[in-house]
Amino acid sequence: MQQIFNFLIRNKSFLLFLLLFCVSLFFTIQSHTYHKSKFINSANFLTGGIYESVNGIGQYLNLKEENQKLLEENNRLKSILFNEEDKLKSEFILDSLLSNQFELTAAKVNKNSYSSTNNYLTINKGERDQINEDYGVMTAKGIVGIIDNTSNKYARVLSVLNTNSRVNVQLKKTNHFGILTWNGKSPEIVQLIDIPKQTPITVGDSIITGGLSTIFPRGIPVGTVTSFKLDETENYYNVDVKLFNDMTNIGHVHIIKNKDSKEITELNNPNE
Amino acid sequence: MNNVTTINTVRFILLVLAQSLVLNNINFLGYINPYIYILFIILFPIKNNRMLFIFLSFLLGLSVDLFLDSGGVHAAACVTIAYVRPLILKFSFGMIYEHQTIKFSNTEFGQRLTYFSIIIFIHHLLLFSLEIFNASNILLILKKTLLSGIFTILLCLLITVLFSSKRK
């Protein structure tokens with residue numbers, strides 16, 4: 001017994017190091033698992049609050065750019081209203097957005113990262129504004145990510161630029177769907193996998209979200225195809241997609257709430 | 001003693017805030033960011049309680065993790081360099097360290113550069129390996145370590161020169 005105590009006292013700094021190292025490894029591994037990193041995230045009271053106040057300063061500097069973006073979006077929406085041809089093209093997105101199944105909330109981005117391999121955004125809406133996990137986030141140009149953690153006033157968004165992110169998307173001209181992932185390299189290019197090789201795909205094709213998940217409505221723009229090749233099994237295409245959104249410059253976003261998601265989930269998992 | 005505690009507390013808070021609010025938005029060439037918050041570990045007084053030092057380093061890493069949503073990556077890297085720091089000190093400063101009379105502002109530039117570089121490269125290598133967590137991306141890890149490491153070393157040396165007290 002004496003020897004055990006002696007051993008502990010002699011190696012106390014090594015043991016402390018080992019303990020703390022294991023704790024941090026535990027947090028790290030948790031953060032690599034979707035929906036698990038509950039403790040260490042920037043959506044909590046302290047870090048969320050600091051980001052909020054600092055962001056207030058930065059916002060003034062971007063006012064001009066933000067105004068430009070708003071003008072462009074207004075322009076697009078008005079042309080849909082007035083122009084019969086455009087109306088036909090974007091019919092499905094308006095349909096699903098207007099049918100009361102989806103509810104939009106505007107939010108401001110407090111923190112955005114794109115240089116690491118697992119990127120997150122922090123936005124200034126939380127449980128107080130009826131925002132919960134698994135709501136989709138988009139801008140006027142395209143998708144941004146999925147909310148994976150909320151606190152009272154803030155929420156954390158799992159960006160599409162995250163190696164854990166999986167979003168169901170499809171080709172605009174046909175109904176072949178695949179999964180949008182990211183390899184961690186360029187913040188402009190994301191990867192689309194599991195597209196069957198029968199798909200008539202060409203460079204320049206538009207990619208939109210598919211209606212298969214309960215998170216995003218069908219028809220939100222994602223990006224365009226820049227290159228594609230068959231994977232090792234020769235059954236599926238690996239496609240590089242250039243995002244419509246500039247993920248390095250995101251100011252305001254819309255949160256999409258699907259009111260029917262609970263019903264759809266219950267229908268798909270009758271045993272639970 | 002009290003003075004040392006205050007200086008280190010202020011340094012801790014300032015470095016964490018500077019790291020998370022300013023330096024992580026540099027993204028030079030898309031992905032190169034300096035991680036100067038480890039200056040706290042580099043410049044921590046040498047005559048100290050080792051347990052306390054390791055624990056403070058853990059807290060430092062964890063607070064940066066909180067801001068950057070990176071799980072426990074920074075905490076793990078910080079704890080490691082805090083644990084191996086005595087070895088690196090002995091390697092780079094030799095006899096002066098043995099006599100415990102070291103003052104960073106009085107050391108030779110070459111010795112200081114070795115000390116900074118070893119600590120920073122160990123930290124960055126561990127940081128990026130844990131962050132990317134994928135052995136097939138080893139080239140990406142090494143590239144990030146090298147480029148960010150050089151950036152961090154330059155900034156750390158600059159900061160220590162700028163803020164060093166001239167009194168001798």
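What follows is one connected answer about that meeting place and its surroundings.

Tutor: Keep in mind that this is a predicted model. Let us begin with the chain as a whole.

Chain A has 7 helices and 12 strands. Of its 272 residues, 36% are buried. Now take the contacts in chain A between residues at least 6 apart in sequence. Of these, 58% join residues at least 24 apart.

Now the contact itself. Domain 1 of chain A puts in 20 residues, and domain 2 of chain A puts in 18 residues. Look at the domain 1 side. Five elements of chain A are listed there, each giving two or more residues: helix H6 (91-98), strand E3 (136-138), strand E4 (143-150), strand E5 (155-162) and strand E12 (252-258). H6(A) gives the largest share of this side, with 4 residues. What classes of residue make up the side of domain 1 that touches domain 2? There are 11 nonpolar, 7 polar and 2 charged residues on that side of domain 1 of chain A.

The largest nonpolar core has 46 residues. Which of them touch the most other members? They are A:Val144, A:Val157 and A:Val253. E5(A) gives the most to this core, with 5 residues. Why does this core lie between the domains of chain A? Domain 1 (45-162 + 248-259) and domain 2 (167-243) of chain A both give residues to it, so it lies between them.

Zoom in on A:Val157. Set aside its neighbours within four places in sequence. A:Val157 is then in contact with A:Tyr120, A:Leu121, A:Ile123, A:Val137, A:Val144, A:Gly145, A:Ile146 and A:Ile147. Find A:Val144 in that list. A:Val144 is also one of the residues that touch the most other members of the core. A second, separate core has 44 residues, including B:Leu39, B:Phe53, B:Ile81 and B:Cys156.

Now follow the strands, starting with E12(A). Strand E1 (residues 102-112) of chain A runs antiparallel to E12(A), and 7 bridges join the two. One bridge pairs A:Thr105 with A:Ile255 in E12(A). Strand E1(A) has another partner, strand E2 (residues 118-123) of chain A. This pair is antiparallel too, with 3 bridges. A:Val109 has A:Ile123 in E2(A) as its bridge partner. A:Ile123 was also on the contact list of A:Val157. E1(A) and E2(A) form a hairpin, with 5 residues between them.

Strands of a sheet pair through backbone hydrogen bonds, either parallel or antiparallel.

Then look at the barrel of chain A. In what order do its 6 strands close? The order is E6-E7-E8-E11-E10-E9 (chain A), and the pairing is antiparallel. Neighbouring strands of this sheet are turned by 40° against each other on average, direction ignored. Take one pair from the barrel. Strand E8 (residues 189-196) of chain A pairs with strand E11 (residues 236-243) of chain A over 6 bridges, in the antiparallel sense. At one place A:Pro196 stands opposite A:Tyr236 in E11(A).

Finally, step out to the other chain. Chain B has 29 residues in contact with 29 residues of chain A. On the chain B side, helix H3 (50-68), helix H4 (73-93) and helix H6 (109-132) each supply at least two residues. H3(B) gives the most, with 10 residues. By class, this side of chain B has 17 nonpolar, 8 polar and 4 charged residues.

B:Leu87 is found in helix H4 of chain B. Is B:Leu87 buried or exposed? B:Leu87 counts as exposed, because it has 10 C-beta neighbours inside 10 Å, and the cut-off for exposed is 12 or fewer.

Technical notes
Residues numbered from 1 in each chain as written. Chains lettered and ligands numbered in written order. Predicted model: local features only at pLDDT ≥ 70, side-chain atom pairs only at ≥ 80, totals over all residues. Contact = placed C-beta atoms within 7 Å. Nonpolar A, V, L, I, M, F, W, Y, C, P; charged D, E, K, R; others polar. Buried ≥ 20, exposed ≤ 12 C-beta atoms within 10 Å, placed from the backbone. Core = buried A, V, L, I, M, F, W, Y, C linked by C-beta atoms within 7 Å. Domains from an automatic or database assignment. Pairing = 2+ DSSP bridges. Axes fitted to C-alpha atoms, helices over the stretch in contact; angles between N-to-C directions.
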